[in-house]
Amino acid sequence: MCKITINNYDMEVECADTFKKRLFGLMGKKKFNGLLFKQKYSNRFLSSIHTSFMLVPIDLIYIDKNMRISQTTTLNPWNIFIPKDDNTKYILELPENSIIRKNIKINTKVKLVKVNGLRRNTP
């Protein structure tokens, strides 16, 4: 599990730290806390997310190497999202409306408090 803090909201989410977790992500799940991906390469096409076989919409939060939110969106099932920039370090998938409920904005600082399975790279 990974513990993330955004806007004083502490969240425990699953870490996509194995090939299987990265491949299947949240496919087929209706209820979840979230999933955090660490990107090996900062390439916008390698940071794309699809929602094939997803049962519910998800919120996507893109976090850059400075641990700031660079982009957010909500993605419905059976869609794909390609970020506009090549600066992604982490991608956080959350339940739909998390961005609105937690007042998450672009350029907000993100803190990874506890990361099991992922190597933390905070500046």
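## Fold and overall dimensions

Read from the N terminus, the elements of the chain follow the order β-β-α-β-β-β-β-β-β-α-β, which amounts to 2 helices and 9 strands. The radius of gyration of the chain is 13 Å, close to the 14 Å that the globule rule gives for 123 residues, so the chain is as compact as a globular protein of that length. The model described here is a predicted one, and the values below should be read with that in mind.

Taken along the principal axes, the C-alpha atoms of the chain fill a box of roughly 35 × 30 × 30 Å. Among the contacts in the chain with a separation of 6 or more, 66% are made by residues 24 or more positions apart.

## Surface and charge

Of the 123 residues of the chain, 43% count as buried. The accessible surface of the chain comes to about 7200 Å², and carbon and sulfur atoms contribute 49% of that area. The chain carries 22 positive and 10 negative side chains, with the centres of the two sets lying 4 Å apart.

## The nonpolar cores

The largest nonpolar core is made up of 18 residues, and the ones with the most contacts inside this core are Ile4, Ile6, Val13, Leu36, Ile61 and Leu92. Two or more residues are given to this core by each of strand S1 (2-6), strand S2 (9-15), strand S5 (58-64), strand S8 (88-95) and strand S9 (110-115). Apart from this core lies another, of 13 residues, which includes Ala16, Phe32, Leu35 and Ile91.

Leu92 shows how residues from separate parts of the sequence come together: leaving aside neighbours within four places in sequence, Leu92 is in contact with Ile4, Ile6, Val13, Leu35, Leu36, Asp59, Leu60 and Ile61. Leu35, one of these partners of Leu92, is a member of the core of 13 residues.

## Val113 and the two ends of the sequence

Val113 lies in strand S9, and with a relative accessible area of 37% this residue is partly exposed. Although Val113 and Ile4 are 109 residues apart along the chain, their C-alpha atoms are separated by 5.7 Å.

## Trp78, an exposed aromatic residue

Trp78 is found in the loop between strand S6 (69-75) and strand S7 (80-81). Trp78 counts as exposed because its relative accessibility is 56%, and the cut-off for that class is over 50%.

Most residues other than glycine have a negative phi. Asn103, by contrast, has a positive phi, near 50°, and Asn107 likewise has a positive value, near 75°.

Asn103 is placed in the loop between helix H2 (98-101) and S9, and Asn107 also lies in the loop between H2 and S9. At 46% relative accessibility, Asn103 counts as partly exposed, and Asn107, with a relative accessible area of 48%, is partly exposed as well.

Definitions and conventions:
Residues numbered from 1 in each chain as written. Predicted model: local features only at pLDDT ≥ 70, side-chain atom pairs only at ≥ 80, totals over all residues. Heavy atoms only, no water. Helix = DSSP H or I, 4+ residues; strand = E, 2+ residues; numbered from the N terminus. Rg over C-alpha atoms; globule rule 2.2 N^0.38 Å. Buried < 20%, exposed > 50% of the residue type's maximum accessible area, 1.4 Å probe, protein only. Contact = heavy atoms within 4.5 Å. Areas by Shrake-Rupley, 256 points an atom, 1.4 Å probe, with all protein chains shown as cover. Lys, Arg positive; Asp, Glu negative; His and termini not counted. Charge placed at Lys NZ, Arg CZ, Asp CG, Glu CD. Core = buried A, V, L, I, M, F, W, Y, C linked by side-chain atoms within 4.5 Å.
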